[in-house]
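Open the model in your viewer and keep the selection panel at hand. The stops below go from charged pairs to aromatic rings.

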Amino acid sequence: MRRQFISHAISAVALLALGSLPTSAADNAAIKEKAAVCAGCHGENGISQTENIPSLGGQPDQFLQWQLVFFRAGSRKNDQMQPIAEEITNEDVRNLGAYFAALTPPTAAEDKDPDLSKKGAQVAAGRRCASCHTDSFAGTKAVARLAGQREEYLVKALHDYKSSQRVGGGGAAMADVAYHMSDEEITAVSHYLAYFK
């Protein structure tokens, strides 16, 4: 088991170490074609219009690559993502990560509940969310962008971390943070981050 984990970890590190290699115009067309499959759920230009499905536009490249690797390996579970991720190559993982990272991130709508955002800001400060996700909550490297993400998706993600249903990447750190959050705190911080500008 340990040897298999090390093998997966080495493969993933090697995959990420290659980074985003230069691509030709033909390659760009192929990447856009593969990304078009993602648009069915994640929205045009990576901006989700579907409840509980995250926006991918502007997410950090490494974060996106890791998630695809986790889905492909089966360590992160999702009935819709599993069969898609199983069909993609290492090159696809690199290219899709770079493609979505280069897109414009979602722009937060006008906050209709600033009082809830104020409570959420206190939760984010108390839980030190910015220490990993950056002061602008734009994420970095293998850490997710939270600013402008769909609110109900953030709520679901925090509940999944809290109940240990979501693993991979910063799962241990996030599980520790989410485990100690009340439902009210999860609601407030998710609202704050969804409308953060």
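Select lysine 156: at 37% relative accessibility, this residue counts as partly exposed (between 20% and 50% relative accessible area, with buried under 20% and exposed over 50%; 1.4 Å probe, protein chains only). Helices are DSSP runs (H or I, at least four residues), numbered from the N terminus.

This is a predicted model: local features need pLDDT of at least 70, side-chain atom pairs count only at pLDDT 80 or more, and totals for chains, interfaces and linings use all residues. Residues are numbered from 1 along each chain as its sequence is written, and side-chain values use heavy atoms, leaving out hydrogens and water.

Next, select aspartate 92 and lysine 34, a salt bridge with the closest N and O atoms 3.5 Å apart. Aspartate 92 is in helix α5 and lysine 34 in helix α2, so the pair ties together parts 58 residues apart in sequence. Aspartate 92 is buried at 8%; lysine 34 is partly exposed at 39%.

Finally, show phenylalanine 137 and phenylalanine 196. Their ring centres are 4.9 Å apart and their planes at 90°, so the pair is edge-to-face (centres within 6.5 Å, planes over 60 degrees apart). Phenylalanine 137 is buried, at 5%.

Conventions
Rings of Phe, Tyr and Trp (its six-membered ring) pair if their centres lie within 6.5 Å; planes under 30 degrees apart count as stacked, over 60 as edge-to-face and the rest as tilted. A salt bridge is a side-chain nitrogen of Lys or Arg within 4 Å of a carboxyl oxygen of Asp or Glu. Helices (H or I, at least four residues) and strands (E, at least two) are DSSP runs, numbered from the N terminus.
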